[in-house]
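Here is a brisk report on one model.

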Amino acid sequence: MIVIWRNCCFPRKKVLVSLVPPSFTNAVVAVALFASGGSFGTGSSEAVNAREPIAITFMRHAESAGNVSGVIDTSVPGPELTEKGRNQAQVAADTFSKLDYDGVYASTMIRTQQTADPMAKAVDATVEVLPGLQEIEAGEFDGKPEEEGRVAYAATSDWLKGNRDARIPGGIDGDEFDQRFDSAVEKIYASGDTHPIVFSHGASIPTWVLMNVRNPDLTLVTTDRLPNTGYIVITGTPETGWTLTDWNGKNISQ
């Protein structure tokens, strides 16, 4: 089942978990330089007021028709998963559902929702679709061969180096991207979930993570690029900041 996020937050039963379950380090989730937040209710939700640290797993979607087309496609809702991608999504659910995520989120793009669906069924949850988690738009390069992706996404390298004014031709700049992804993460945190999984994209996930964690390793975007159903784990809060703990099975020094 796919559920669209509504602009409010609901108190949820708190679940006490380790910030980084031991199985995170063994579970089989970079920037693919190729490939305004809503207002929340003012209720007395303990999860919102306590501002306690949580662990978020970001997982890239499984193989999509766009991945095998050789063409850049960042349109919304975008292409669906291939048959191989559907199998990858089921394998990811079989592998990661043992972590018993208490929230499952996806972007507004079909490929993330289809990847999230087996996981949601496995942990008895619904997929909540959040604007802001979508792929970084390729702007003028959308629909062009993937070989032009390096040029299209050159600005993301500048964002990681602190130049957020850099703009993708015909697309967004670093601040615009960061603000919209921030908004989605804020909503996830405000939900009260303590260890959710978030399905997003090969450029959006590592770009936002490395722009926002206190211990970024920029070499990871070239040495350990996220594959389909690759994942990244962070811990923290929107207020105190985030720490990168796991990059697709690689423990990260804190």
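## Terms and model

Helices (H or I, at least four residues) and strands (E, at least two) are DSSP runs, numbered from the N terminus. The model is predicted: local features need pLDDT of at least 70, side-chain atom pairs count only at pLDDT 80 or more, and totals for chains, interfaces and linings use all residues. Residues are numbered from 1 along each chain as its sequence is written, and side-chain values use heavy atoms, with hydrogens and water left out.

## T112 in helix 4

T112 is found in helix 4 (residues 110-122). T112 has 0% relative accessibility and so counts as buried. Buried means under 20% relative accessible area, exposed over 50%, and partly exposed in between (1.4 Å probe, protein chains only).

The side chain of T112 makes a polar contact of 2.8 Å with that of S107. A polar contact is a pair of N or O atoms within 3.5 Å; within protein, one must be able to donate a hydrogen and the other to accept it, and residues adjacent in sequence count only if both atoms are side-chain atoms. Leaving aside residues up to four places away in sequence, T112 touches H61, A106, S107, F199, S200 and H201. Contact here means heavy atoms within 4.5 Å.

## Helix 7

Helix 7 spans residues 174-190. Its 17 residues reach 24 Å from first C-alpha to last, close to the 24 Å expected at 1.5 Å a residue. The expected span is 1.5 Å times one less than the number of residues.

Helix 7 is mostly covered, with twelve of its 17 residues buried. Among them are G174, F177, R180, F181, A184, I188 and Y189. D173 caps the N-terminal end: one of its side-chain oxygens lies 3.2 Å from the backbone nitrogen of D175. Just after helix 7, G192 takes a positive phi of about 100°.

## Helix 7 against helix 8

The axes of helix 7 and helix 8 (residues 204-212) come within 11 Å and cross at roughly 95°. Helix 7 is therefore roughly perpendicular to helix 8. Axes are lines fitted to C-alpha atoms, for helices over the stretch in contact, and angles run from 0 to 180 degrees between N-to-C directions. Angles under 35 degrees count as roughly parallel, over 145 as roughly antiparallel, 65 to 115 as roughly perpendicular and the rest as oblique.

On the helix 7 side, the contact involves G174, F177, D178, F181, D182 and V185. Helix 8 supplies S204, T207, W208, M211 and N212. These residues divide into five nonpolar, four polar and two charged. Ala, Val, Leu, Ile, Met, Phe, Trp, Tyr, Cys and Pro count as nonpolar, Asp, Glu, Lys and Arg as charged, and the others, Gly among them, as polar.

D193 lies in the loop between helix 7 and strand 5 (197-200). Its relative accessible area is 2%, so D193 is buried. Two side-chain polar contacts involve D193: one of 2.5 Å with Y105, and one of 3.2 Å with S191. D193 and G103 are 90 residues apart in sequence, yet 6.0 Å apart in space, C-alpha to C-alpha.

## Backbone exceptions

Most residues other than glycine have a negative phi, and most peptide bonds are trans. The peptide bond from V76 to P77 is cis, with omega near 10°. P77 sits in the loop between helix 2 (65-69) and helix 3 (83-96).

D124 is not a glycine, yet its phi is positive, near 55°. D124 is in the loop between helix 4 and strand 4 (127-129). At 73% relative accessibility, D124 counts as exposed. T229 also is not a glycine and has a positive phi of about 65°. T229 lies in the loop between helix 9 (220-223) and strand 6 (231-237). At 18% relative accessibility, T229 counts as buried.

Y231 is found in strand 6. Its relative accessible area is 0%, so Y231 is buried. The side chain of Y231 reaches the backbone nitrogen of G249 at 3.0 Å. Y231 and R60 are 171 residues apart in sequence and 6.3 Å apart in space, C-alpha to C-alpha.

E239 lies in the loop between strand 6 and strand 7 (241-247). E239 has 59% relative accessibility and so counts as exposed.
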